[in-house]
Amino acid sequence: MSEICKNWTQWLKQNRFAGQTPEMIEQTTRWLEAVRDVILVYAEIKPYETVLDIGCGTGLLAFKALEMQDCQGKVIFSDAFQDCIDDCKKILDELGITEGFELLKSPVEHIALPESSVHKAVMRSVLVHVVNKQPAINEIYRVLKPGGKLCAFEPVIRSNTRYWEILNPAFIENYTDFKNAENEIMENPMDSLCNFDENTLKTNLEIAGFSRPEVKLQEVSSSYVVQPNMVREWFINPPSPNQPSTKERFLRYFDEAKVEKYMQDVEAFLTGRQINLKTNAVFINATK
Ligand SMILES: C[S@@+](CC[C@H](N)C(=O)[O-])C[C@H]1O[C@@H](n2cnc3c(N)ncnc32)[C@H](O)[C@@H]1O
C-alpha cells in the first residue's frame, strides 16, 4: 500500500489530480462527465431497470444513472473496496435518497449477484486495475440478462506517449537505460495497467459470449506547458492505491541515486516546455 495514497476514495478525490493546475482539474472533471455521459447514453437506461455500476468508486456513473431513472429502478453501487461503498452511502444520505439503489461490496471477479439479474452493467476504468481480465468479463456476462448490455470505458495505457518519446537524449543521463526499462514496464503481462489493448479486450468479450461487441478506440491528443513540480508529482503518485508509483517501478531496475538523477533531468528538461501527449482509451458497448 502506497504511503502517499491510502485508499481508493482518497485517490479519486486527490491523487488523480496531483500536479494539475486548477484549470487542468476543471478540464479533467469536465472530461470525466463527458465520458460518463457517453457510457450512459450507450446503456440506454430506462426506469425500472436494474443497473449495475461495477467499481463505482465515488459514484460517477451510479449517481447519474439514479438521476436518469428518477430513483424508479434499481442502481447497484458495487465496488471491491468498502471505503467506496461508505463514501457513496454518505452522499446518498446527504442527498436524502432512500430508494432506487442498493450497495454491494463485491469484486468484479466474483459479483455477488445471481445469474441473469441485471439489465445494464456500466463501468469506467476498472478492468485496468484487474490483472486477469477474462474471468472478470465472464462474470459480467453471467450477471447480465439476455439482451442486457455492458457499456464501459477503459484507458489503454500501453499505447500512450511514453516519457522517452518526449525527452531529448542529449539532456538526459542514462536515457537508453530508462527508455529500455520503461518499455519493459509497459509490456509486463502481469501488470494490470498495461497488459491489454483494444484487441485483447474485444477477444475477452467474444470469449465471454458477447456477440459482435463494439470496442471503439479513442485517441486523444493534448498539449500543455509543464509546470514546476508537475514532473515530480507524476513520478511519486501511484496510479492506484495498490500499485507502485513510476519512481518505485524504476527503483526495481536502478538504485535511488540513478532514479533521482533521472527525475531531476526529466524535470529540468520538461519544465516550462510545451508537450504533446497521446492518450488512448476504449468505449465498450456489448450486448449479451
Ligand atoms: C479509477 S477508479 C474508477 C471509479 C469510478 N468507476 C469512476 O469512474 O469514477 C477504479 C475503481 O475500481 C474499483 N476496483 C478496483 N479493483 C476492483 C475489482 N477487482 N472489483 C471491483 N472494483 C474494483 C476501485 O475501488 C475504484 O473504485
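Helix H1 (residues 8-13) contributes three residues to the shell around the ligand, the most of any element. Helices here are DSSP runs of H or I with at least four residues, strands are runs of E with at least two, and both are numbered from the N terminus. This is a predicted model, in which local features need pLDDT of at least 70, side-chain atom pairs count only at pLDDT 80 or more, and totals for chains, interfaces and linings use all residues. Residues are numbered from 1 along each chain as its sequence is written, and side-chain values use heavy atoms, with hydrogens and water left out.

**Around the ligand**

Let's stay with the ligand for a moment. Its shell holds 19 residues, and the closest are Gly55, Asp79, Val108, Glu109 and Arg124; a residue is near a molecule if one of its heavy atoms lies within 4 Å of it. By type, the shell splits into twelve nonpolar, four polar and three charged residues. In this scheme Ala, Val, Leu, Ile, Met, Phe, Trp, Tyr, Cys and Pro count as nonpolar, Asp, Glu, Lys and Arg as charged, and the others, Gly among them, as polar.

| Residue | Protein atom | Ligand atom | Distance |
|---|---|---|---|
| Glycine 55 | polar backbone atom | nitrogen | 2.7 Å |
| Glycine 57 | backbone N or O | oxygen | 3.3 Å |
| Aspartate 79 | side-chain N or O | oxygen | 2.5 Å |

On its own the ligand has 590 Å² of accessible area, and the protein covers 96% of that. Accessible areas come from the Shrake-Rupley method with a 1.4 Å probe, and for residues only the protein chains shown count as cover.

**The nonpolar core**

The largest nonpolar core has 34 residues, and Ile111, Ile140, Leu150 and Ile284 have the most contacts inside it. Such a core is a set of buried Ala, Val, Leu, Ile, Met, Phe, Trp, Tyr and Cys residues joined through side-chain atoms within 4.5 Å. Elements that each supply at least two of its residues include strand E1 (50-54), strand E5 (144-155) and strand E7 (274-287). Helix H5 gives the most, with four residues.

Leaving aside neighbours within four places in sequence, isoleucine 284 is in contact (heavy atoms within 4.5 Å) with residues including Tyr42, Leu150, Leu201 and Val215.

**Tyrosine 42 and other buried sites**

Tyrosine 42 sits in helix H2 (residues 22-43). It counts as buried because its relative accessibility is 17%, where buried means under 20% relative accessible area, exposed over 50%, and partly exposed in between (1.4 Å probe, protein chains only). The side chain of tyrosine 42 makes a polar contact of 3.1 Å with the side chain of lysine 216. Although tyrosine 42 and alanine 152 are 110 residues apart along the chain, their C-alpha atoms are separated by 8.9 Å.

Glutamate 267, in helix H10 (residues 256-270), is also buried, at 18% relative accessibility. Beyond its neighbours within four places in sequence, glutamate 267 is in contact with Asn229, Val231 and Arg232.

Serine 117 belongs to the loop between strand E3 (101-105) and E4, and serine 117 is buried because its relative accessible area is 19%.

How values were computed. Polar contact = N/O pair within 3.5 Å; in protein donor to acceptor, adjacent residues only side chain to side chain.
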